[in-house]
Amino acid sequence: MDFSDALRAMKDSHRVARGSWKEPGKYVYRVPPKESTLPDGTTVEHSATYLFYRPAKGACGLVEPYAPLPDALETDDWYIVGKET
């Protein structure tokens, strides 16, 4: 599937990866907009959606924000690896 299909899958809580990624366990997932409650009780809605990248299993490092490069936007090697719980 292409990146637009991958993005639709992420909107449906799926994790996605690229076929060209050689290391097992890498994937990208979406964190949708949400509400937060401030200490004074005020509710604030975050309007942004974020994409995060999980490195390969066994790799040192934390989850990082993901911004696709042009080749990731142009390719059709994306696939679903699972669903967020």
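Helices (H or I, at least four residues) and strands (E, at least two) are DSSP runs, numbered from the N terminus. What you're looking at is a predicted model, where local features need pLDDT of at least 70, side-chain atom pairs count only at pLDDT 80 or more, and totals for chains, interfaces and linings use all residues. Residues are numbered from 1 along each chain as its sequence is written, and side-chain values use heavy atoms, with hydrogens and water left out.

Let's start with helix 1, residues 3-11. Phe3, Ala6, Ala9 and Met10 are buried there (under 20% relative accessible area, with exposed meaning over 50%, for a 1.4 Å probe and protein chains only). Seen down the helix axis, these buried residues fall within an arc of 115 degrees, so they line one face of helix 1 (the arc is that of the directions from the axis to the C-beta atoms). Over on the other side, Arg8 and Lys11 are exposed. Just past the helix, Ser13 takes a positive phi of about 70 degrees.

Strand 5 covers residues 50-54, with Leu51 and Tyr53 on its covered face and Tyr50, Phe52 and Arg54 on the uncovered one. Strand 2 (residues 27-31) runs antiparallel to strand 5, joined by 5 bridges; two strands pair if DSSP finds at least two bridges between them. Arg30 stands opposite Leu51.

Now for Asp77, which sits in the loop between helix 2 (70-74) and strand 7 (78-83). Its side chain makes a polar contact of 2.9 Å with that of Arg18 (N or O atoms within 3.5 Å; within protein, one must be able to donate a hydrogen and the other to accept it, and residues adjacent in sequence count only if both atoms are side-chain atoms).
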